[in-house]
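Have the sequence and the 3D view open side by side.

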Amino acid sequence: PRISNRKGKQSTRVKFVRDVVREVVGFAPYEKRCMELLRISKDKRALKFCKKKLGTYMRGKRKREEMQDVLQAMKTANKGKVEKTEA
């Protein structure tokens, strides 16, 4: 396989390490602020904020998307906990 085809593809080990680090360290202050903006449905403001912090529009879009996925995962995890306690 040509290295140019593989460049940027995340290996399972790297993904595992990054997940562990995220779990231990948590979120950066700007990521927390971005999530807060997304919670109150300020998507465009969150994008502008991420863009300012990260430098480019595409990086900002990617980070906002990541934060939306994290919020969605937190919401579904929380929903599962509530259903267990009610049962």
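Start at Ser-41, which is exposed, with a relative accessible area of 61%. For that scale, buried means under 20% relative accessible area, exposed means over 50%, and partly exposed is in between, using a 1.4 Å probe and protein chains only. Ser-41 sits in the loop between H3 and H4, and its phi is near 60 degrees, a positive value in a residue other than glycine.

A quick word on ground rules: this is a predicted model, where local features need pLDDT of at least 70 and side-chain atom pairs count only at pLDDT 80 or more, while totals for chains, interfaces and linings use all residues. Residues are numbered from 1 along each chain as its sequence is written, and side-chain values use heavy atoms, with hydrogens and water left out.

Now zoom out to the whole fold. The protein chain has five helices and zero strands, so read from DSSP runs numbered from the N terminus (helices are H or I, at least four residues; strands are E, at least two). The radius of gyration is 16 Å, well over the 12 Å that the globule rule gives for 87 residues, so the chain is more spread out than a compact globule. That radius is taken over C-alpha atoms, and the rule is 2.2 Å times the number of residues to the power 0.38. The C-alpha atoms fill a box of roughly 55 × 30 × 20 Å along the principal axes, and 17% of the 87 residues count as buried.

What makes up the largest nonpolar core? Ten residues do: Cys-34, Met-35, Leu-37, Leu-38, Ala-46, Phe-49, Cys-50, Met-67, Val-70 and Leu-71. A core here is a set of buried Ala, Val, Leu, Ile, Met, Phe, Trp, Tyr and Cys residues joined through side-chain atoms within 4.5 Å.

Leaving aside residues up to four places away in sequence, Phe-49 touches Tyr-30, Arg-33, Cys-34 and Leu-37, a contact being heavy atoms within 4.5 Å. Arg-33 and Cys-50 are 17 residues apart in sequence and 9.4 Å apart in space, C-alpha to C-alpha.
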